Amino acid sequence: MSQGSRSLRLLLALLLCGTGGNYLVSGEWGNNWQILCPALYPKVFTSYAPVGNLTGGIYRRQPHVTQLRRCVATCCQDEQCHVALTYNKTCYHLQCSSSRMCLPLYHPELAQSSPPNMVLVKPVEDDARLAWSELLEQQDTRQRHDDEEPSEDNRGNLEAEAAAAAASGADDAPLVALEADGLSCALREDCMDNEVCRKSSSKSRVGICECETGYKRNLAGMQRLSLFQLLILKKTIVSGVCSSFRDIQDLNLPPAAPELIEPRLEKFSRKSSSSPSSSSSSSSSKKKQQPLWVRAVNQVIRLPQNAVSLMVLTAPVQERVMGPYKFAWTLLNQPAEARDTASLRDQDQREVTLSNVSEGVYELKVTVKGVRGSEGEAYVNVTVLPEPSKRENRPPVAVVIPSSQIVKLPNNGAVLDGSSSRDDFHIVSYHWELERAPKGYEQDKDLLVDAPTLQLDNLVAGNYTFRLTVEDSDHARNSTLANVTVIERKDYPPSADAGQNVVIHLPQSSYVLNGNMSDDDRGIVRWKWTTRDLQNKSLEMHDADTPYLRVSKLERGYYTFVLEVEDAAGQVSSSEVHVSVQPPRGKPPVADAGDDTIVALPTTEVTLNGSRSRDDAWIVSYRWEQVDGPTAVRFGAANESVIQVGGLSLGDYTFKLTVRDSDGNPGQDSVRLKVVQNKNVTSRADAGGNRTISGPVSALVFNGSKSSGNLGIARWLWSRQPTSLAVGRVIEGTDESPVLILADVVPGRYVFKLTIYDAQGEASEDTATVVVEPDPESLNLVELVLNVDAHLFTEAQKDALLARLRQMLKTDDDDAPTIVVRSLRAEPHTNRLILVFFVQSKTEKGAVRVLPASRVVDQLKRELRDDSTTGHHHMQLPVARLDTSICQNNCSGHGTCDQETRQCVCEAFWMQNFIKARAGESNCDWSILYVIIGGLAALIVYSCAMWLIVCCCRRACRCFCCCCWGRRRAPVSLRPPSKKPARYSLLADDDENTTFSTSRKVVLSDSDTDSDDVMFDKLANDKSSKYSKSRNGFLKSTRLKT
């Protein structure tokens, strides 16, 4: 693919990409900012974040930068900054671990009122071979909305039109090729001053306008140029001219970048920016309106030229059905001294001519409308520079710092700085020449670059003269000379030093000679030890090629050793040392450790004096040692003649003193020390004092280590007091040690007595009391029993269980609660897992509160019931029991709740309400006295009711009988008169079979004949004897009617 084709496709990509829904395009990214940041990718990614997130690199917060433009400007100056990111009006510089970890990734959840914005400033050095555009293309992150992309037809028309224009070479055809480094061109005349047209090959028809050697694109004087992306029309210039390196240095951004070089987001027309929302609200049957891209380019002219032609480029080029666009050019601003002299011609055409201009900046606006309702606008600046003749040019002044310098080998580099050269306008080129150099110096072809600074390497000894020639914009020149002198450092010979002469005495027969005091300015490379004049004396030498020579098996006599050293230049130096071996001197020293001593307690320190030790020469060392004793003592300084010994206790001690003289001969002596006690001082026991501890507590510690005794403590004994709680297990062996550990404690009062005994059997006692208060959260503890073997329950399962419990306890109003595990144990008999915990949550004010256990249990049970109903199992573990850890049933205030069975044990004269008990609520609501009284009352009421019912039934029966018998009774006139009730008489025992002679009619008693309606006749027949049988010795007689 040719260079022109690549340029054309790049321009088409710039024209057709538009602004996505998630990032915007800024014109200054492509113009000014690519000069300051050549690797900057000219897009602002909104609602994007790096792919690597927080692991993508190192984030550095810039506290004094709040705007995106200044954030990018400071990032350009920072060599370790690769991506600029702003979020919540805060700037962050990102040092990427790799370029791919910092590629933008869209986050729809970040699309809010203040979404984050990121700009890709420069790739990581390891990935610098790939530009941001190539990395983005590989990552396939530049996704565009279908309704914002031009159609394939328009894209093809635009490409065909641009290709035809480039092929025809017409003067009025726009050159629509744009590369990242400059403008496309066919000839040298198509480029600006200080630019050349470079083609990729001799067969290429289209090239790129690039700055000449020694020049670089500069923004000086272009402060008010257009902020839109460059599009190349006929003989268009880049927003910025090629200037010298000195001028480019003037563009270094300060900590707060000035407004003139801050990037601004591209301005689009209201209809272009609002078209997506308006089209989304329109009817689905209508086709979405295609956006209209409008581009124009800034122009720079210099007087006396006072007219310029401006052209606007649109995409698509024209509407295919309804015809061309309508153009409207407007002059917005012009210099104040122009006095409205400028004029516009062909304001309704694609190309407009601005004439009669004067020095200053003219701002124009072009509006493009389509017949189908599409619309777009663009802004363009025309900068008119003054005539060159108006300025009197002064020649530049070349300055090299330093003008003369001296370099000492082995340093072979130097720097000459010509950036201090000055001119009344600006310097456009720097040229270095080598005037003089020493023989043997080979000049590097790439050394003399046309830059303000000259870096010299691989210099050899000698004198150098360099000439710097500077040239300003009016081609005035000036030169100066700079001298560099490279001198060699003198290599001095080494200095050998074998050390001082030595005298030793037998039986010592070995010695180490030290030659490390030898020296050389560049270092010693070889060591060599030799001997001479041995005179038949024997010896052994070791490490003769090092600075340290070890000699042994010396005999009595005189030895000479020679040390020879050599440096890197081959220079040699030597030195001698003499060793004299003498016969043994005198007798060994006599050690004197002093007299035996008796010390009485409580004194526990004594001084040992060995200064009376003697020798015929001198003693060079002392050494004290403890031979025996009841306890280990403490030496103040064991290598002195007089020492202090401490830490004594009752008993006998033996100490040994060893001394050595200058010949190494030893001498020894011993001293005895007896420690007695005239009067025993009572020891003092300290059990640790009284204290109060809040539960839960699994173990108590009683510390009696602060107890003291002048003869030491021989025995410790802890005992539980009668007033102490009996619950609690003493850890084995701790009751006879300074620290007592009590396990399995419960809330209550523990009292222990500590008794200590010294070496003489004297005792001392002290008592400590520890009050264990109940757990303040005991009423808020929840106990969860799972049908899971405790020995199979892992830590991962525990974390998952707590996460499920937090999820079940979470409500819409509150955040996820915090579960505090109080204990995790196994049930004694079943080995089931028991989890005891309580739940904390935060209030609206941020305070932490503990949720009641009953509320937690109710919510968990409700969630478990919902799980069983819906079939979802949040717990994933079988739940055997869920209840409060402590039974919180008050049993109606008349009993206690059994912790194991959770049933109420009622007090005397109280009993359970069976109605509530059937509903599962244990209670002590009923008083036995009230129940008995109520029962009796109910029984009486029931009996009365039954008697009343029986009476009513009997009366009803009598009424029924009267009705039945009344039909057969005699008329009222035939009724016999009422008689007095019959009287009964006691019959004799022998008259059982005697009967009364009665009439055929039977008369009832008065009680049976209160009513006339119940009277009836009864015939006396043979069956009358049936009613006259005796009962209990009486005869039942009938009342006879007379």
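Here is a short chat about reading a predicted model.

Me: What should I know before I start?

Reply: This is a predicted model, where local features need pLDDT of at least 70, side-chain atom pairs count only at pLDDT 80 or more, and totals for chains, interfaces and linings use all residues. Residues are numbered from 1 along each chain as its sequence is written, and side-chain values use heavy atoms, leaving out hydrogens and water.

Me: What does the protein chain average in pLDDT?

Reply: pLDDT is the predictor's confidence in each residue, from 0 to 100. The protein chain averages 75, and 72% of the residues score at least 70. Over residues 988-1042 the pLDDT is below 50. Where pLDDT is low, the predicted coordinates should not be read in detail.

Me: Is Ser552 buried or exposed?

Reply: Buried means under 20% relative accessible area, exposed over 50%, and partly exposed in between (1.4 Å probe, protein chains only). Ser552 counts as buried because its relative accessibility is 19%. You'll find Ser552 in strand β33, residues 548-552; strands are DSSP runs of E, at least two residues, and helices are runs of H or I, at least four, numbered from the N terminus.

Me: Which annotation covers residues 928-950?

Reply: UniProt annotations may be inferred rather than shown by experiment. The unreviewed UniProt entry gives "transmembrane region" for residues 928-950. In the model, that stretch is 100% helix and 0% strand, with its end C-alpha atoms 32 Å apart. Leu939 sits in helix α12, residues 928-965.

Conventions:
Contact means heavy atoms within 4.5 Å.
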